[in-house]
Amino acid sequence: MNTVRSFEATLGDSKIVVETGRLAGQAGGAVTVRCGDTVILATATAAQQPRADASFFPLAVDYEERLYAAGKIPGGFFKREGRPTEEATLLCRLVDRPLRPLFPKGILNDVQIMITALSTDQENYLDILAIIGASAALMISDIPFNGPVGAIRVGYADGKLLFNPTTSQMLTSALNLRIAGTADSVIMVEAGANEVPEEVILQALEEGQRAFQDVIRMQETMRSEVGKPKRELSLFKVSTEAKQAVLGKVGDRVPAALAATTKEQRNHMLNELRTEVVTQLGDTFPLPEITTALDDFVKSLVRAAILDRGYRPDGRDLKTIRPISCEVGLLPRTHGSGLFTRGETQVLTIATLGTSSDSQIIDGLGTEDTKRYMHHYNFPPYSTGETSRPRSPGRREIGHGALAERALVPMIPAQGQFPYTIRLVSEVLSSNGSTSMASVCASTLALLDAGVPIKSPVAGIAMGLIKEGERVAVLTDIQGMEDFLGDMDFKVAGTANGVTALQMDLKIKGIAPDVMRTALAQAKEARLFVLDKILGTIQSARPELSPFAPRITLIKIDPQKIGAVIGPGGKMIRKIIEETGAKIDVEDDGTVFVASTEKEGSDKAVAMIRLLTEVPEIGKTYVGKVVRITDFGAFVEILPGTDGLVHISQLADFRVGKVEDVVKLGDEIMVMIIDIDSDGKIRLSRSAVLEGLTAEQARERDQRNRSSGGSGPRPFRPRSSDGGRGDSRPRR
């Protein structure tokens, strides 16, 4: 048996406990990380041999979301976890991004990191523990890794930053910032915010990086005390001979290819060069060396042009944004649509409005059960001029969709103001850099076109970085080549008032705070420019919804009367739906959503629900149906399941000798409620309506008639559902 060792660190106001030696002894490195009652297992293992056919680092991060961790049994027929949830996929990406830049360049061995949720108290987040656990597992493993990596979540409430807050504390936070990095710098940033100023973001980044230093210290201690010797791996390198041979074949032709005016032309010329070089040198050097040597040469030329002359591949300077065009209302039958084009990047977003029953049900370890605003992102192969088989969304598509969704979540109106479920679908039609931020812009257009009263329009921009030693260039609105050949992909979305989403990935080991400050300042300037283009197309939400969108009426009823609306076995609600054609959703708090594309059907459904849930009021007039006749009066149903007595003395504005002389069974008459006693018995008057009396006047007359008329009426009971006499209270 291995010796169990525990290590502790402080993260915010919490204690993190990392244990190794108890579980998963055959993994390259294995740790459990605990905060409160939340526990994850992280393992890191590398293949013994490198891939023979690879020229890239095959790192895989997998997250096993086990519902037993929260004491849940999975829904569905099979009762076991299926494909990863969206949250699980996003967690994998979150762990991958800060770790990948810290592996030695040229590793071709498969490296797999697996995170398993073992226990969750739903107060302490899993994602930050997963990053720390993955780094710790790598640190004590035999896998070469230039870590450690620390991570922390930063919130912002009441003017103060919150470090490693719980889910309860985050309910009032305007910022959800996740940071990961080394002892010296930040490597990865992921954030959602409610129009938080750039100054607060910068403060959170700087203080957050300092706040996870104890986690860094703990991992260094683990490496020195329990770490395995690092394995010697053969690293992929391009030989000097291969570099010189490739340069001799294409050296004077690459600049001409880079000067092409479009991405298609540039790629076509570079691909021709690649094919030609491979044909000529394929028998002398391995294919990966040839292609990598060519790519490195292209990279060096592009980076040198930017750093030396401020010249980018498409001729722009560092801050210029590509030409932008915006359109709305392209599709006649959809509820809203927006087309956003920036250079060769083009995204069409379609908005669809639904009822609360259309919201997404979430079966995961998080605290959310449903989601009423969704954004889905599709990236078809034709958007890059390529072909491939259609497939379900991958991690990239899910990640980009989540980022665009996060950017607009703070601007979506509350359900009480706009009682719709909202689904946005962004179709990438052409891609040359930052399709996720183009999706944000197209989504704003689609929402406004659909008539969604968002709080403020949102735009996004992608920033890049080229860094060689002390020379640094921050690029606004990066295109695909600059993303691929650069050192940073920094996406910023927000309104005119502040940031709503932020995502940063580095390919280097970190950047200085002043570079981050410059990037945020340029991003704000660019964001305001893009917002002007959006508002020049559509300034506010359309005042009317599409004629094909459902009209939703929201009404509130007493929760105790939900049963009256539903009816036995759902009989009553089915009847309303069949008679009106409306769609009806009833929430546990008594909120009822009535949706219909036809106003007449919606109005009728609302009226039927109000009748079922209305409380009788003294002095109110009703058109009721005579349901029973006695010698002393008539019982009239004024509301479904609720009737009262019209005494014979109250049937007309003249003396009535026999009830049947005035009304017959099934007649509809107008009556007023003149009294409701402590047992809920209702007294009605028809004469009060005919003579224009008040309830008080009619009640006084009724009392005089009863006192002078002998025995008066016998006590009545409202009808039960079988037509007999039921409970003495009105039946609801």
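## A first look at the fold and its salt bridges

The secondary structure of this protein comes to 18 helices and 29 strands. Its radius of gyration is 35 Å, well over the 27 Å that the globule rule gives for 732 residues, so the protein is more spread out than a compact globule. Please keep in mind that this is a predicted model.

**Overall shape and surface**
- The C-alpha trace spans about 120 × 65 × 45 Å along its principal axes.
- Of the 732 residues, 52% count as buried.
- The protein exposes about 33,400 Å², and carbon and sulfur atoms supply 50% of that area.
- Among contacts with a separation of 6 or more, 70% come from residues 24 or more positions apart.

**Charges**
- The protein has 88 positive and 93 negative charges, whose mean positions lie 3 Å apart.
- Side chains of opposite charge can pair when their charged atoms come close.
- A search of the whole structure finds 38 salt bridges.

**Salt bridges to look up**
- E482 forms a salt bridge with R316, with the closest N and O atoms 3.9 Å apart. This pair links distant parts of the chain, joining helix α12 to the loop between α9 and β11. E482 is buried at 3% relative accessible area, and R316 is buried at 9%.
- Both of these residues also belong to a network of salt bridges that includes R312, D314 and D477.
- K371 in strand β15 and E405 in helix α10 are 34 residues apart. They form a salt bridge at 3.1 Å between the closest N and O atoms, and both are buried.
- D589 and K556 meet in a salt bridge of 3.6 Å, N to O. Here D589 is partly exposed, at 44%, while K556 is exposed, at 51%.

Note on methods. Residues numbered from 1 in each chain as written. Predicted model: local features only at pLDDT ≥ 70, side-chain atom pairs only at ≥ 80, totals over all residues. Heavy atoms only, no water. Helix = DSSP H or I, 4+ residues; strand = E, 2+ residues; numbered from the N terminus. Rg over C-alpha atoms; globule rule 2.2 N^0.38 Å. Buried < 20%, exposed > 50% of the residue type's maximum accessible area, 1.4 Å probe, protein only. Contact = heavy atoms within 4.5 Å. Areas by Shrake-Rupley, 256 points an atom, 1.4 Å probe, with all protein chains shown as cover. Lys, Arg positive; Asp, Glu negative; His and termini not counted. Charge placed at Lys NZ, Arg CZ, Asp CG, Glu CD. Salt bridge = Lys/Arg side-chain N within 4 Å of Asp/Glu carboxyl O.
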